[in-house]
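Keep the structure open while you read.

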Amino acid sequence: MPARFLFMDEVDAYDDDVDGKGSPINLAIKRTATFSRNRKILMASTPNIAETSKIEAAYEASDKRRYLVPCNSCGNYQPIVWAQIIFDNHDPATSRFECVHCGHKHYVKDKPKLLSNGHWQAETEKSSKVAGFHLSSLYSPNGWYSWQNAVEDF
Ligand SMILES: [Zn+2]
């Protein structure tokens, strides 16, 4: 069946081959060929093993966008990364996001402002046809997976 819109979720869990016919991703993409001028293909996944990850390979082939948030103190934009999630004395309750530029401490109460004032920025312009978005659980809105949850899991 031809499809103009294709959404593939958790692609890193897909088999590499379906009944000897090849990659299920490629098989699905072939179904969009009829609409090659105005099709949309969306792949999403939690990444698995780096060397074999299908979503990582797709992201690397994209324009590699990350969501940058502005520091509440110095205003410099940066991604929320695990290296900047700081906690004291093995206590997850002290979890915070510290600015890589000025060290300003952002607590959970600051998260809505960080997220609402952020923007997507591409790392590369090598591909104008494929947009890739990287977003970790550290961006989860308040009430979902928190920085404290991440530190507890760590
Ligand atoms: Zn700062």
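Start with a contact you can find quickly: the side chain of Asp17 reaches the backbone nitrogen of Gly22 at 2.8 Å. Bear in mind that this is a predicted model. The Asp17 side chain also gets to the backbone nitrogen of Gly20, again at 2.8 Å. Where does Asp17 sit? Look in the loop between β1 (5-9) and α1 (24-30).

Leaving out residues up to four places away in sequence, Asp17 touches Gly22 and Pro24. Asp17 and Leu27 are 10 residues apart in sequence, and their C-alpha atoms are 9.8 Å apart in space. Is Asp17 buried, exposed or something in between? Its relative accessibility is 39%, so Asp17 counts as partly exposed.

Now zoom out. The protein splits into domain 1 (1-60) and domain 2 (63-154). Taken over C-alpha atoms, the centres of domain 1 and domain 2 are 28 Å apart.

Where does the largest pocket lie relative to these domains? Domain 1 and domain 2 both give residues to its lining, so the largest pocket lies between them. Its volume is about 1,200 Å³. The lining has 33 residues, and the closest to the pocket centre are Met43, Ala58, Val130, Ala131 and Gly132.

As for secondary structure, β1, β2 (40-44), α2 (54-60) and β9 (133-134) each supply at least two residues of that lining. By residue type, the lining of the largest pocket divides into 17 nonpolar, seven polar and nine charged.

Thr32 has a relative accessible area of 0%, so it is buried. A polar atom of the Thr32 side chain lies 2.6 Å from the backbone oxygen of Ile29. Setting aside neighbours within four places in sequence, Thr32 is in contact with Ala3, Leu6, Arg39 and Ile41.

Ser62 is worth a look next. You'll find Ser62 in the loop between α2 and β3 (65-70). Its relative accessible area is 1%, which makes Ser62 buried. The side chain of Ser62 has a polar atom 2.6 Å from the backbone oxygen of Tyr59.

Here are the side-chain to backbone pairs from the loops, side by side.

| Side chain | Backbone atom | Distance |
|---|---|---|
| Asp17 | nitrogen of Gly20 | 2.8 Å |
| Asp17 | nitrogen of Gly22 | 2.8 Å |
| Thr32 | oxygen of Ile29 | 2.6 Å |
| Ser62 | oxygen of Tyr59 | 2.6 Å |

Which loop holds Asn89? Asn89 lies in the loop between β5 (85-88) and β6 (91-98), and His90 is found in the loop between β5 and β6 too. Asn89 isn't a glycine, yet it has a positive phi of about 50°. His90 isn't a glycine either, and its phi is positive at about 55°. Asn89 is exposed, with a relative accessible area of 75%. His90 counts as exposed, at 75% relative accessibility.

**Towards the end of the chain**

Trp147 lies in helix α4 (residues 147-153). Is Trp147 buried or exposed? Its relative accessible area is 3%, under the 20% cut-off, so Trp147 is buried. Which residues is it in contact with, apart from neighbours within four places in sequence? Trp147 has Ile80, Ile85, Ser95, Arg96, Phe97, His106, Tyr107, Val108, Lys111, Leu114 and Leu138 as its contacts. Trp147 and Trp82 are 65 residues apart in sequence, with 9.2 Å between their C-alpha atoms.

Phe154 comes in the segment after α4. With a relative accessible area of 68%, over the 50% cut-off, Phe154 is exposed. Leaving aside neighbours within four places in sequence, Phe154 is in contact with Trp82 and Phe87. Phe154 and Pro92 are 62 residues apart along the chain, and 9.4 Å separate their C-alpha atoms.

Terms used. Residues numbered from 1 in each chain as written. Predicted model: local features only at pLDDT ≥ 70, side-chain atom pairs only at ≥ 80, totals over all residues. Heavy atoms only, no water. Helix = DSSP H or I, 4+ residues; strand = E, 2+ residues; numbered from the N terminus. Buried < 20%, exposed > 50% of the residue type's maximum accessible area, 1.4 Å probe, protein only. Contact = heavy atoms within 4.5 Å. Polar contact = N/O pair within 3.5 Å; in protein donor to acceptor, adjacent residues only side chain to side chain. 1 Å grid on protein atoms, 1.4 Å probe; cavity = no way out; pocket = protein on both sides within 12 Å on 5 of 7 lines; lining within 4 Å. Points joined across faces, edges and corners; volume = space filled by probe spheres on them. Nonpolar A, V, L, I, M, F, W, Y, C, P; charged D, E, K, R; others polar. Domains from an automatic or database assignment.
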